[in-house]
Amino acid sequence: MNILVIGTGYVGTTTALVLAEMGWNVTGLDTDVGKIERLRQGLPHFYEPGVEPMLRKQLDSGRLRFTAHTREAIEAADTIFICVGTPPLPDGSADLRYIKQVAEDIGRNLNAYKLVVIKSTVPVGTQRRVAEWVGAAQTEPKQFDVVSNPEFLREGKALYDALHPDRIIIGADTVSAGQRMKNMYHSMDCPILVTTPKTAELIKYAANSFLATKISYINELSRLCDKLGINVKEVAQGIGLDPRIGTSFLQAGIGYGGSCFPKDVASLLHTAHEHGSELKLLEEVVAVNRTQYMHLLEKARARLGDFSGKKVALLGLAFKPDTDDIRESIAIRIAERLVDERAYVAAHDPAAVLPAELCASVAQCSSVEQAMQDAHAVFLCTEWDEYLSIDWAAVKHSMHQPNIFDGRNVLDAGKLTTMGFFYQGVGYR
Ligand SMILES: NC(=O)c1ccc[n+]([C@@H]2O[C@H](COP(=O)([O-])OP(=O)(O)OC[C@H]3O[C@@H](n4cnc5c(N)ncnc54)[C@H](O)[C@@H]3O)[C@@H](O)[C@H]2O)c1
Ligand SMILES: O=c1ccn([C@@H]2O[C@H](COP(=O)(O)OP(=O)(O)O[C@H]3O[C@H](CO)[C@@H](O)[C@H](O)[C@H]3O)[C@@H](O)[C@H]2O)c(=O)[nH]1
């Protein structure tokens, strides 16, 4: 089987690597020539532990190659994975322009039967539209199938997730297309659910929205915990021990970010409105997430008076550890707010860099010590491992005031308080 992966972003690159590891011949195609050039040299364009060695291994195996030549790549493939972006439009709906472009590229270059697999996260009904776009662009009629096969990997753990999925969801409207997909994934040791394309599309949004709901639930509860003097981490542990609830995704903090939850929840809400349906619970999930980080800022304001002229060390810019992705990162929102309130912000991240619009107003420090020097407060925004082993006794002397605001509840509150720090977490002190 010759597999083509169109779009070599996070999902496309990971998908190509995993399919090559499974033994298939894989070509990655992207319109971004710079990205393709780097990938050819074994250099991933994003940071994630383990990706670079895997890329080099698959390039050396001869099973993986990269190209920017659309026509040749489509003609040579029998199975095509669509992995291009579906960014949000201002009204919350998913922008399908890249999906449409790719569908038309496939239609124009359809020289024989092809199985088209949509891995991008797309609204309910998109599989049908892709089939129409491919069909309309054809110059001579050839058979093809379009199936939905949503991706559930997490950034920072993308390779592991894609190699060890919890489940594979296939939305196919013919038995033969569903069977082809099952055959492709035969070596994967997990349940495979074959359903209709619309159901598969909704499963992806429903999964992300449910996880976002868990986070907003514990975050809202953390506000009550603050008032009652109760440790939200113990509450999460206590409820999570019930297997019907589970402990995962109950880590209270400054809110969820990233390229998926905010956009996918907005897109599902848009779909609901379009169909005259309401998802009020999900609207509240968004509202809680929008205001969650402000509670930590409020605690800092109460301690410092105001931020004007104060130095704040911001630890972590990425929306989560083990990635350099800052899309929708709450850390960036906090940095913007602190700058607006005239704080001097010194940021550190082991992998991520400041967005261009903050480069003039925020300092990016190369070490944690440099960021904390003379600081009035530390804000921990991303729970990188590196921050768990900070020598707090050493940095305390270099700080102007020993205040710590832990936006991810990962530091040892008791130990830091004993050392003389003023410590506040989220529903935890
Ligand atoms: N990032 C994640 O963790 C994740 C996880 C699961 C699902 N998803 C979904 O997967 C999709 C892709 O996400 P991503 O984060 O990999 O996106 P991305 O923005 O990192 O990558 C998309 C790539 O597609 C390329 N592209 C755009 N138009 C093209 C065209 N016509 N031909 C060839 N290449 C083209 C772009 O140049 C880019 O490299 C989205 O729908 C996203 O919601 C993402
Ligand atoms: O208990 C928790 C868990 C996560 N987060 C935050 O939630 C966001 C998202 O985290 P995570 O889900 O680990 O990362 P993503 O890479 O965005 O992965 C999500 O989005 C992907 C894209 O759709 C899906 O494929 C994954 O299954 C889904 O977990 C981050 O800001 C985290 O800090 C919390 O605040 N508390």
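Trainee: How many Å separate the centres of domain 1 and domain 2?
Mentor: In this predicted model, the protein chain is divided into domain 1, residues 2-195, and domain 2, residues 211-424. Taken over C-alpha atoms, the distance between the centres of these two domains is 33 Å.

Trainee: Which elements give two or more residues to the shell around ligand 1?
Mentor: The shell around ligand 1 consists of 26 residues, and the closest are Gly-7, Gly-9, Val-11, Ser-120 and Thr-121. By class, this shell has 10 nonpolar, 11 polar and five charged residues. The elements that contribute two or more residues to the shell are α1 (10-21) and α5 (97-108).

Trainee: Why do the buried residues of α3 lie on the same side of the helix?
Mentor: In helix α3, which spans residues 51-61, the residues Met-54, Leu-55 and Gln-58 are buried. They lie on the same side of α3 because the arc that they cover around the axis is only 100°.

Trainee: Which exposed residues does α3 carry on the face turned away from its buried side?
Mentor: The buried residues of α3 are covered by elements that include α1, α2 (33-40), β3 (64-67) and α7 (158-163). On the face turned away from that buried side, α3 carries the exposed residues Pro-53 and Asp-60.

Trainee: Which residue of β4 is the bridge partner of Ile-3?
Mentor: Strand β1, residues 2-6, runs parallel to β4 and is joined to β4 by four bridges. Within β4, the bridge partner of Ile-3 is Thr-79.

Trainee: Which residue of β5 is the bridge partner of Ile-82?
Mentor: Both faces of strand β4, residues 79-82, are covered, with Thr-79 and Phe-81 buried on one side and Ile-80 and Ile-82 buried on the other. With strand β5, residues 114-118, β4 pairs in the parallel sense over four bridges. In β5, the bridge partner of Ile-82 is Ile-118.

Definitions and conventions. Residues are numbered from 1 along each chain as its sequence is written. Chains are lettered from A and ligands numbered from 1 in the order in which they are written. This is a predicted model: local features need pLDDT of at least 70, side-chain atom pairs count only at pLDDT 80 or more; totals for chains, interfaces and linings use all residues. A residue is near a molecule or strand if its C-beta atom, placed from the backbone, lies within 6 Å of it. Ala, Val, Leu, Ile, Met, Phe, Trp, Tyr, Cys and Pro count as nonpolar, Asp, Glu, Lys and Arg as charged, and the others, Gly among them, as polar. Domain bounds come from an automatic or database domain assignment. A residue is buried if 20 or more other C-beta atoms lie within 10 Å of its own, exposed if 12 or fewer, and partly exposed in between; C-beta atoms are placed from the backbone. The arc is that of the directions from the helix axis to the C-beta atoms. Two residues are in contact if their C-beta atoms, placed from the backbone, lie within 7 Å. Two strands pair if DSSP finds at least two bridges between them.
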